[in-house]
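Subject: Structure handover

Hello,

I am handing over the structure below, with notes on what was found in it. Please read the notes with the model open.

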Amino acid sequence: MLKLENWTKSFKNNLVLKQIDLEVGTGNVLTIIGSSGSGKSTLLRTINFLEPADSGMITIGDITRDVSKVSKQDILAVRRKTAMVFQNYALFSKKTAKENVMESLLMVQGLKRKEAEEEAEYYLEKVGMETRMNYYPNKLSGGQQQRVGIARALAIKPEVILFDEPTSALDPELVSGILDVIQQVAHQQTTMILVTHEMNFAKQVSDHVIFLDKGSILEEGSPDELFNHPKEERTKQFIQGFQHI
């Protein structure tokens, strides 16, 4: 479970996130949509403390913290409960697929090497990478690298997985494969927050959808409510824009 209350973030004088309130239950999928610059990626990065928020309360599972008062230990505790899948894969270039998945298991989770290797193999098989475990990133396609990124996220058994435009750097023919993998892991024990421009996929996989506009939640609801019956004119314009692409 993830909950944010009065969540704000500024870069100098630019208020990027404005008193965001949201709650996502365990096993649920929240999709965040909005135009470029609306604050979607910043929101994900503040949840994982890659960019610290300025103010607000965060709850993940049994941890609740005031972001303005967090310690390094608090941040580490939150990060241990979260994983992030980046749009640019963010793999270690000099480590194999298996070693990339093992890294957090060894360094953060403290697993012994043999156990970490078994876990890495299990999750790489889960995302269809069983024949590419010992390949380095430069020998993998973009879709394969993203599968490794998803395996790495799953392997640490996070309470929350954050997907930041996981298909945006992929060639069109590779997109469906990654979306299939995400679909397979959705609605299990992990809360999922997805930032995407894949509107049809968002309709299928989401329990709840938020439309972010200029750093604020302008509208939210079920996929049917938001995509088929939007109330705000700005939301209607955004969705119609995608329907005409």
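**The largest pocket**

The lining of the largest pocket consists of 20 residues, and those nearest its centre are Asn48, Thr82, Ser104, Val108 and Ile156. The volume of this pocket is about 510 Å³. A pocket here is an open set of points on a 1 Å grid over the protein atoms alone, where a 1.4 Å probe fits, with protein on both sides within 12 Å along at least five of seven lines; lining residues have an atom within 4 Å of a point. Grid points are joined across faces, edges and corners, and the volume is the space filled by probe spheres set on the points. Helix H2 (72-80), E6, H3 and H5 each give two or more residues to the lining. H2 has the largest share, with 4 residues. Helices (H or I, at least four residues) and strands (E, at least two) are DSSP runs, numbered from the N terminus.

This is a predicted model, in which local features need pLDDT of at least 70 and side-chain atom pairs count only at pLDDT 80 or more, while totals for chains, interfaces and linings use all residues. Residues are numbered from 1 along each chain as its sequence is written, and side-chain values use heavy atoms, with hydrogens and water left out.

**The sheet and its helices**

An open sheet of 6 strands runs in the order E6-E7-E8-E3-E9-E10, with mixed pairing. Two strands pair if DSSP finds at least two bridges between them. E6 and strand E10 (216-221) are the edge strands, each pairing on one side only. From one strand to the next, the twist averages 20°. Within the sheet, E7 and strand E8 (residues 191-195) are parallel and share 5 bridges; Ile161 has Met192 in E8 as its bridge partner.

H5 packs on the sheet and touches E6 and E7, and its direction makes about 175° with that of E6. Helix H1 (residues 40-47) lies across strand E3 (29-33), E6, E7, E8 and strand E9 (208-213), at about 150° to E7. Axes are lines fitted to C-alpha atoms, for helices over the stretch in contact, and angles run from 0 to 180 degrees between N-to-C directions. Contact means heavy atoms within 4.5 Å.

In H3, the buried residues are Ala97, Lys98, Asn100, Val101, Met102 and Leu105. Their cover includes helix H4 (113-126) and H5. Buried means under 20% relative accessible area, exposed over 50%, and partly exposed in between (1.4 Å probe, protein chains only).

**Two threonines**

Thr59 is in strand E4 (residues 55-60) and counts as buried because its relative accessible area is 8%. Its side chain makes a polar contact of 2.9 Å with that of Thr64. Such a contact is a pair of N or O atoms within 3.5 Å; within protein, one must be able to donate a hydrogen and the other to accept it, and residues adjacent in sequence count only if both atoms are side-chain atoms. Beyond four places in sequence, Thr59 touches Met1, Leu2, Lys3 and Thr64.

Thr167 is in the loop between E7 and helix H6 (172-185). Its relative accessibility is 5%, so Thr167 is buried.

**Positive phi**

Most residues other than glycine have a negative phi. Ala90 has a positive phi near 55°, and Lys157 has one of about 50°. Ala90 is partly exposed at 36% relative accessibility, whereas Lys157 is exposed at 52%.

Regards
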